[in-house]
Amino acid sequence: MGLWSRRNWLTLAALGGFLSVAVGAFAAHGVTDPRAQELLRTGSLYGFVHSLATLACAAFMQVGARRARFAPGFFLSGVVLFSGSLYALAFGAPRWIGAVTPIGGLGFLAGWATLAWAARGVDPA
């Protein structure tokens, strides 16, 4: 069992979901600046969706889409880069950090493309 085992992906996805809910709650109840609230909400939403997508990868693999094992790396790196950069901006990081956000978005896109590729390996019946 390696570092990037299914168990580790699932654990990271669950932690990502936990963090997304916590950040979303903080945005709603602990932040007064509207711009910071919006950045935190957006980061939380994308983090949550892609944590769930990582969990879905396990289901894909269960039905024979073995290539789905490549998608969690894209999804979770996207969460770190996209959501993480938005969180950092909300807490006052320099504006240049915003240049990282689209790189995370590319990670999301690569993950979804990988899942589409993986789905082609499932029995069509």
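Trainee: Which residues make up the largest nonpolar core?
Mentor: It has twelve residues in all: Val 23, Ala 27, Val 31, Ala 36, Leu 39, Leu 40, Val 79, Phe 82, Leu 86, Tyr 87, Ala 90 and Phe 108. Keep in mind that this is a predicted model.

Trainee: Noted. Which elements give two or more residues to this core?
Mentor: Helix 1, helix 2 and helix 3 do. The largest share is that of helix 3, with five residues.

Trainee: And what does Phe 108 touch?
Mentor: Not counting residues up to four places away in sequence, Phe 108 touches Tyr 46, His 50, Phe 74, Phe 75, Gly 78, Val 79 and Phe 82. There's also another core of nine residues, apart from the largest one, and its members include Cys 57, Ala 68, Phe 75 and Ala 118.

Trainee: What percentage of the residues count as buried?
Mentor: 38% of the 125 residues in the protein chain. As for contacts between residues at least 6 apart in sequence, 68% of them join residues at least 24 apart.

Trainee: Let's go to helix 1. What span should its 24 residues have?
Mentor: Helix 1 covers residues 6–29, and at 1.5 Å a residue it should span 34 Å. Its end C-alpha atoms are 35 Å apart, which agrees.

Trainee: Which residues of helix 1 are buried?
Mentor: Trp 9, Ala 13, Gly 16, Gly 17, Ser 20, Val 23 and Ala 27. They pack against helix 2, residues 34–62, and helix 3, residues 71–90.

Trainee: At what angle do helix 1 and helix 2 pack?
Mentor: About 155°, with their axes 8 Å apart. Angles over 145 count as roughly antiparallel, so helix 1 is roughly antiparallel to helix 2. Their crossing is left-handed.

Trainee: Which residues meet there?
Mentor: Among them are Trp 9, Ala 13, Gly 16, Gly 17 and Ser 20 in helix 1, and Leu 40, Ser 44, Gly 47, Ser 51 and Leu 55 in helix 2.

Trainee: How far does helix 2 reach?
Mentor: Helix 2 has 29 residues and reaches 43 Å from its first C-alpha to its last, close to the 42 Å expected at 1.5 Å a residue. Just after helix 2, Gly 64 takes a positive phi of about 105°.

Trainee: Last one. At what angle do helix 2 and helix 4 pack?
Mentor: About 20°, with their axes 11 Å apart; helix 4 is residues 101–119. That makes helix 2 roughly parallel to helix 4, and this crossing is left-handed.

Trainee: Which residues meet between helix 2 and helix 4?
Mentor: Tyr 46, His 50, Ala 53, Cys 57 and Phe 60 in helix 2 meet Phe 108, Trp 112, Leu 115, Ala 118 and Ala 119 in helix 4.

Key. Residues are numbered from 1 along each chain as its sequence is written. This is a predicted model: local features need pLDDT of at least 70, side-chain atom pairs count only at pLDDT 80 or more; totals for chains, interfaces and linings use all residues. Side-chain values use heavy atoms; hydrogens and water are left out. Helices (H or I, at least four residues) and strands (E, at least two) are DSSP runs, numbered from the N terminus. The expected span of a helix is 1.5 Å times one less than its number of residues. Buried means under 20% relative accessible area, exposed over 50%, partly exposed in between (1.4 Å probe, protein chains only). Contact means heavy atoms within 4.5 Å. A nonpolar core is a set of buried Ala, Val, Leu, Ile, Met, Phe, Trp, Tyr and Cys residues joined through side-chain atoms within 4.5 Å. Axes are lines fitted to C-alpha atoms, for helices over the stretch in contact, and angles run from 0 to 180 degrees between N-to-C directions. Angles under 35 degrees count as roughly parallel, over 145 as roughly antiparallel, 65 to 115 as roughly perpendicular and the rest as oblique. A crossing is left-handed if the near helix is turned anticlockwise from the far one by less than a right angle, and right-handed if clockwise.
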